[in-house]
Structures are given as structure tokens and as C-alpha cells.
Amino acid sequence: MDSLMERAAPCPAAQAGSVLLPALHLPLLPPHLYRPATSHEHKLNFRKSKEACLTYIQDAMLQKQWKRAAEFLTFYIESLEKDFSTEYMGPSEMIWRIGTEILCHHSYSSMKDFNSFIEQMKTLGVKRYLKVCLEHAFHLLCNGQTDEAYQNLSLAESWRFGEQTTAQDKELKLIQAYRGLLDYYSWSKQKNVLLEYDKEGFEDLSVEQEMHSSFRKAAVNLKEIIQIPGVWDVFVKCYVDLLEFYGDHDEARQVLSEYAYNSKFPANPNAHVYFYQFLKRHGEPKKSLISVLKILHDIVPSHELMIDFNTMLQKSKKRKKRRLGLEVIFAALDYAGWKENVKAWSCLARQVKQIIISEKHLDWIKQEWNSRKDWWPAFHFSRYLAKRNWQENESLAYEKALVAGILLGKDCKYFKYVSHQGCKDQKKRLRTLKKFVNKHSPVYLRISGLSDSSVQT
């Protein structure tokens with residue numbers, strides 16, 4: 001700390017100026033993080049308007065000039081202290097937020113400085129006490145101080161201050177939930193230790209007792225928070241992990257089902273993902289898996305699980321489901337993130353090929369293509385993409401070329417480029433591709449509704 005004080009000590013000119021503007025060592029920021037300003041002009045400007053001062057602070061923070069921001073914050077606090085037109089109301093949330101951000105980035109700041117500042121904010125900001133405690137715990141966790149964070153949350157949970165305790169009930173629930181999360185973390189570590197002991201043939205009753213104790217504490221708090229409508233992904237996952245480990249699969253299923261389907265909870269794609277993964281782990285029928293993924297598809301048609309969804313639908317004997325499978329894979333490829341997904345193009349190529357060979361359900365392809373024929377050619381099938389795809393991933397280029405040849409005909413730029421590439425070993429596969437597209441060129445005409453086979457893309 002002494003070295004920090006020396007590095008931050010004001011120059012002689014600043015010391016002379018401090019006669020006019022004494023440094024404020026309020027319990028808001030560690031004094032070595034700022035210097036009193038020496039400019040009388042700055043002093044007058046800041047006193048004109050607190051809003052102008054906040055603008056300077058914002059500008060300094062956006063430019064990551066943390067020392068400058070600390071100095072401006074000091075002036076802002078001074079202006080509040082010297083504003084005798086209003087009663088002193090204690091530090092505002094703005095000062096807490098700004099001070100915290102500065103301390104997180106200031107080159108001379110330390111954990112001791114941060115902890116000191118936060119403790120003072122807790123004392124002076126009773127109306128947001130639990131919110132400050134929660135942020136303090138986050139900061140401790142980000143710096144690897146798990147035990148300190150747990151202690152902080154435990155103390156916050158026991159805090160009582162008349163009506164203020166009731167007014168901060170939501171924050172108290174979060175405090176309890178995050179403490180439950182840390183109990184889960186302890187349980188997980190102890191579980192891993194026991195599993196290692198089991199491999200080596202050892203037993204440790206004390207670790208086992210600690211693990212069960214952590215389970216009980218974690219389960220109580222995690223179960224409570226996830227019953228409140230909201231997005232509680234990490235808490236739900238941890239609670240389900242606890243239940244599955246102890247064999248309570250029915251309760252785990254109920255929790256996940258409630259999280260996914262209760263209308264009081266906000267729409268959340270992850271809720272359906274967790275439910276699907278649980279059902280899949282426990283060997284549930286495909287009918288149940290398809291039902292969950294259908295809802296996920298309606299919410300996020302570009303989700304990575306759409307590959308699994310398409311695969312299951314294609315294996316179905318029901319025509320309606322196979323039709324949905326084609327719709328699913330076309331919809332996924334509407335998104336830029338799927339443009340170079342080999343599995344997706346392989347799924348589409350395989351299904352399109354099956355439909356063409358069987359000469360059934362060409363109307364399915366036509367229906368999907370009608371809404372895309374104006375923009376997919378440029379989005380997926382340009383000559384530039386053909387060249388790049390071939391250079392980066394030949395398998396991708398091959399699958400796309402087959403789809404392009406069917407949808408756009410043998411004169412499609414993408415198909416023409418790819419079909420003329422390849423070394424001797426690849427020529428055979430590409431000749432097969434070219435032969436297939438040429439043989440089924442009438443399909444392109446039927447899909448496009450054209451009669452002139454000379455139309456080019």
C-alpha cells in the first residue's frame with residue numbers, strides 16, 4: 001500500500017493547489033486512487049452542473065481512463081457534499097456503481113481497496129444492502145475467493161433491518177440461491193474426491209458426511225429459487241444433477257417438465273434442451289424426444305439440436321413426420337450459422353435424393369423451395385462460395401453441389417464449378433454426382449415450374 005501511495009502522490013504543483021481545493025478522503029474511494037484537481041477552471045465547471053460532471057465521468061470510463069474517472073468522481077462527491085439545498089441522503093446507487101467499476105479497472109486498485117469500499121457502501125446504503133452484498137460475492141468469486149464469497153453470502157442471509165429486510169425480499173432469495181450454488185460446488189468437489197477413493201478402494205466417512213451435508217443445504221435453496229417464475233438455468237441444472245445422483249429421477253423429471261412447460265415461466269429454449277437431454281439420458285421413447293424438440297424448433301429453428309430432430313423424423317414411418325423433417329432442415333439452413341454445416345447439408349442432400357429416387361413427394365421440395373428460390377442462390381450457391389467451400393471442405397462442397405444441382409439445375413454455377421474439380425480419385429465420385437443430377441434434370445423443371453431447360457442460374 002505504501003508503494004501505491006508513493007506512486008500516486010501529488011506533484012508539488014498539485015500540493016500547492018490543494019490549499020484552494022483540499023482532497024476529500026471520504027469513505028467512498030481509497031484516497032491514493034485520485035488527486036485533487038489544481039485547476040480553478042475545472043472546479044467552477046464541475047460546480048455548475050452535476051450532470052456535466054457525470055458526463056465527464058462517463059467519457060473517462062468509456063475511454064478506460066480510470067485515474068481520470070476517479071478524479072472526476074471525487075469532484076462529483078464534493079458537489080453533493082456542498083449542496084446545502086438538500087439533506088444528505090447517503091451515497092447514491094450511482095456512486096456505488098461508478099466507484100465499483102473504477103476500482104475493478106484502476107491500475108493501483110487491490111482487493112483490499114475493493115472490499116473496503118464495498119463494506120462502506122453496505123453500511124451507508126441500507127436500502128440496497130443485499131444488492132451490494134450480492135455484487136461483492138460475484139467479485140470475490142471472479143477473483144477465486146470462493147470461501148470468502150460464501151461467508152459474505154451467509155452473513156447477508158442473516159441480515160435484518162426492520163422493514164428494509166422485507167423490502168429486499170427478492171434480493172434475499174437470490175442471496176440464498178447463490179449460497180445454494182456454492183453448496184452445490186462443494187458437494188461436487190467432495191463427490192469427485194469420493195469417486196477417486198472408490199477407484200482406489202479407499203473409504204472416507206468424513207468426506208461422505210460433508211458431501212451429504214452440502215447436498216442438503218444446496219437442495220433446500222436451489223429448490224426454493226426455481227419455484228419462482230424466472231430464468232434459472234444454472235440453478236435448475238445443478239438441482240437436477242443432485243437429484244439424479246441420488247436416484248430421484250421422478251422428481252428431476254418433474255422439475256424439468258415444470259421449468260419447460262409452466263406458462264408462468266418466460267419462454268426459454270434452454271428449458272426444452274435440458275428436458276430433452278434428460279429424457280435422452282434415461283432412454284425415453286423417441287415419441288417423447290420428438291415432442292420436446294418440436295417445441296424447441298418452434299422457438300429456435302436454428303438450434304444445433306435440429307440435426308438430431310431431423311434424423312429422428314427421417315427415420316419415422318409416418319409421412320407427416322418425414323415431411324416435417326424436410327421443413328426442419330430447410331429452416332435451419334436459412335441461418336448464416338449453418339451455411340457451412342456439413343451434417344446439415346448431408347441431411348438435406350440425403351432426403352432430397354430419397355424423394356427424387358422414389359419420385360414421391362416432389363411437392364414437398366417445391367413448397368420449401370418456392371419461398372427460398374429468390375435468395376438461396378446468392379446466399380448458398382454462388383460461384384465464389386463454390387470455390388471457397390471446395391478449398392476448405394470438399395465434403396461440404398459435394399453435398400451442397402448435389403442439392404444445388406437438383407434445386408437449380410445442371411447449369412447452376414455452384415454445381416458446375418464443383419463437378420469440374422477434383423483429382424483422379426475424386427473424379428469418380430464427382431462423375432456419379434454429375435450423372436445423378438443430369439439424369440434427374442426434369443425434377444428441377446418440375447420444382448421450378450419451368451419448361452425451358454436452358455435457363456441458367
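Colleague: How far is the sulfur of Cys104 from the closest cysteine sulfur?
Modeller: Keep in mind this is a predicted model. The closest cysteine sulfur to that of Cys104 sits in Cys142, 8.5 Å away, and that's too far for a bond.

Colleague: OK, and how many disulfides does the structure hold?
Modeller: Zero disulfides.

Colleague: Is Cys104 buried, partly exposed or exposed?
Modeller: Partly exposed, because its relative accessibility is 39%, and the buried class stops under 20%. Cys347 is at 5%, so that one counts as buried.

Colleague: Let's change topic. What does the secondary structure come to?
Modeller: There are 26 helices and zero strands. Of the 457 residues in the protein, 44% are buried.

Colleague: Which residues have the most contacts inside the largest nonpolar core?
Modeller: Those are Leu222, Leu348, Phe381, Tyr414 and Val418, in a core of 88 residues. Helix 23, residues 394–408, gives the largest share of this core, with ten residues. There's also a second, separate core of 15 residues, with Ile57, Phe72, Leu73 and Phe75 among them.

Colleague: What does Val418 touch, leaving out residues up to four places away in sequence?
Modeller: Val418 touches Ala386, Trp390, Ala397, Ala401 and Leu430.

Colleague: Back to helix 23. At what angle does it cross helix 19?
Modeller: Roughly 35°, with the axes coming within 9 Å. Helix 19 covers residues 342–358, and the crossing is left-handed.

Colleague: Which residues meet there?
Modeller: From helix 19, the set includes Trp345, Leu348, Ala349, Val352 and Ile356, and from helix 23 it includes Leu396, Leu402, Val403 and Ile406.

Colleague: One more spot, then. Where is Lys64?
Modeller: In the loop between helix 4 (50–62) and helix 5 (66–81).

Colleague: Why does Lys64 count as exposed?
Modeller: Because its relative accessibility is 65%, and exposed means over 50%.

Colleague: And how far is its C-alpha from that of His106?
Modeller: The C-alpha atoms of Lys64 and His106 are separated by 9.0 Å, although the two residues are 42 residues apart along the chain.

Colleague: What share of the contacts with a separation of 6 or more comes from residues 24 or more positions apart?
Modeller: They account for 62% of those contacts in the protein.

Colleague: Last one: how much accessible surface is there?
Modeller: About 24,900 Å², with 52% belonging to carbon and sulfur atoms.

Terms used
Residues are numbered from 1 along each chain as its sequence is written. This is a predicted model: local features need pLDDT of at least 70, side-chain atom pairs count only at pLDDT 80 or more; totals for chains, interfaces and linings use all residues. Side-chain values use heavy atoms; hydrogens and water are left out. A nonpolar core is a set of buried Ala, Val, Leu, Ile, Met, Phe, Trp, Tyr and Cys residues joined through side-chain atoms within 4.5 Å. Buried means under 20% relative accessible area, exposed over 50%, partly exposed in between (1.4 Å probe, protein chains only). Helices (H or I, at least four residues) and strands (E, at least two) are DSSP runs, numbered from the N terminus. Contact means heavy atoms within 4.5 Å. A disulfide is a pair of cysteine sulfur atoms within 2.5 Å. Accessible areas come from the Shrake-Rupley method with a 1.4 Å probe; for residues, only the protein chains shown count as cover. Axes are lines fitted to C-alpha atoms, for helices over the stretch in contact, and angles run from 0 to 180 degrees between N-to-C directions. A crossing is left-handed if the near helix is turned anticlockwise from the far one by less than a right angle, and right-handed if clockwise.
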